[in-house]
Amino acid sequence: MDRVDALTDVAGLRVGHAELTGPGALSGTTVVLAPEGGAVAAVDVRGGGPGTRETDALDPLALVQRVDAVVLTGGSAYGLDAASGVMAWLEEQGRGVPVGPEPGQVVPVVPAAALFDLGRGGDWRARPDAALGRAAVTAAAASAVGARVAQGSVGAGAGAVAGGLKGGTGSASVRLASGTTVGALVVVNAVGSVLDPATGVLYGRMHEGRIAYPAEAVHAAALARLERAREETRERAAGFVRPPLNTTLAVVGTDARLTRAQARKLAGTAHDGLARAVRPVHLMHDGDTVFALSAGERPAEDLDEYNAVLAAGADVLARAVVRAVLAAEGVDGPGGVFPAYRDLY
């Protein structure tokens, strides 16, 4: 099967999006669905203001060994209700931790994390709920194995903003020399910036080697337009929160067979990729959270191979941030003006 340069290149992982629609709505939910039998999972939270659910269950010392889905959602803590819809869908499929003698007696463990996008569409109360979570997991289940992942202003990235620019959802993957695949999916919604103010180059591209710098005049005009957008957003109270509240969320997956402790390390090193692409990062008003999923049986006992997986996690996450920003579509609505990078450059 051809690679699609996305998290879905990791065998068995599927991605589904659902967005809120209607006046004043600018939010959504994204679900990463594991294969039957689940995936080994871990999490690393580095932001100062996280909104999460069931992350304690991912501690290597906890009972649960595998999870069937991970939920990334808008709506701040309110949006965590989306995980209830995913949990209900999994129960209907008989997927979860067996707790009784009958096949359907299961309790799905659904880790989730939320980003802050309240009021970005103008309506403070327009936020994901259980029904939207069900729609996202249904979309994931209906997708083909290895399907392309919609990117930009979709799913949990619908209302995402990064340093005044429109953020969004992005994904990328790499196949190592050993044949092991590592992929990432990210929702970019940061207090910090994704672009270098001195040049206009996206931070996530600076490690790529030769890069094209925008012309000075183009860059100056872009900065001026971005500042005007920020000023206009300040006038639209529904979309302006002081201090700014955000949170970038990500899932890094691999078909390497990892223990939960190894997966936790992968989630941690993947944050390095986030730090390359967003500056500053992990602030007190961010809730930056990275999940790691091991969804395969490729051996990674060799330390060199495991190190390669760890390094790749950071690389693909940085590249996924760039793809999210480049695919995002600008917004000018009652909740604020959030130009896209491609609008400015």
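Predicted model: local features only at pLDDT ≥ 70, side-chain atom pairs only at ≥ 80, totals over all residues.
Residues are numbered from 1 along each chain as its sequence is written, and side-chain values use heavy atoms, with hydrogens and water left out.

View 1. Strands here are DSSP runs of E with at least two residues, helices are runs of H or I with at least four, and both are numbered from the N terminus. Two strands pair if DSSP finds at least two bridges between them.

**View 2. Strand 15 (residues 289–298) and the strands it pairs with.** Eight of the ten residues in strand 15 are buried (under 20% relative accessible area; exposed is over 50%, partly exposed in between, with a 1.4 Å probe and protein chains only). Strand 3 (residues 39–45) is antiparallel to strand 15 and joined to it by six bridges, and valine 45 partners threonine 289. Strand 14 (residues 249–256) pairs with strand 15 in the parallel sense over seven bridges, and leucine 249 also has threonine 289 as its bridge partner. To get from strand 14 to strand 15, the chain goes through helix 4 (residues 260–277) in a right-handed β-α-β crossover (clockwise from the first strand over the helix to the second, with the strands pointing away from the viewer).

**View 3. Aspartate 286, in the loop between helix 4 and strand 15.** Which side chain of opposite charge is nearest to this buried aspartate? That's arginine 120, 8.5 Å away, and aspartate 286 has no salt bridge (a side-chain nitrogen of Lys or Arg within 4 Å of a carboxyl oxygen of Asp or Glu). Its side chain does reach the backbone nitrogen of valine 191, at 3.1 Å. Leaving out residues up to four places away in sequence, aspartate 286 touches several residues (heavy atoms within 4.5 Å), including Gly47, Pro50, Asn189 and Thr247.

**View 4. Valine 107, in strand 8 (residues 106–107).** Valine 107 is partly exposed, because its relative accessible area is 37%. The C-alpha atoms of valine 107 and valine 97 are 5.0 Å apart, though ten residues separate the two along the chain. Beyond four places away in sequence, valine 107 touches Met87, Gly96, Val97 and Val99.

Technical notes:
Lys, Arg positive; Asp, Glu negative; His and termini not counted. Polar contact = N/O pair within 3.5 Å; in protein donor to acceptor, adjacent residues only side chain to side chain.
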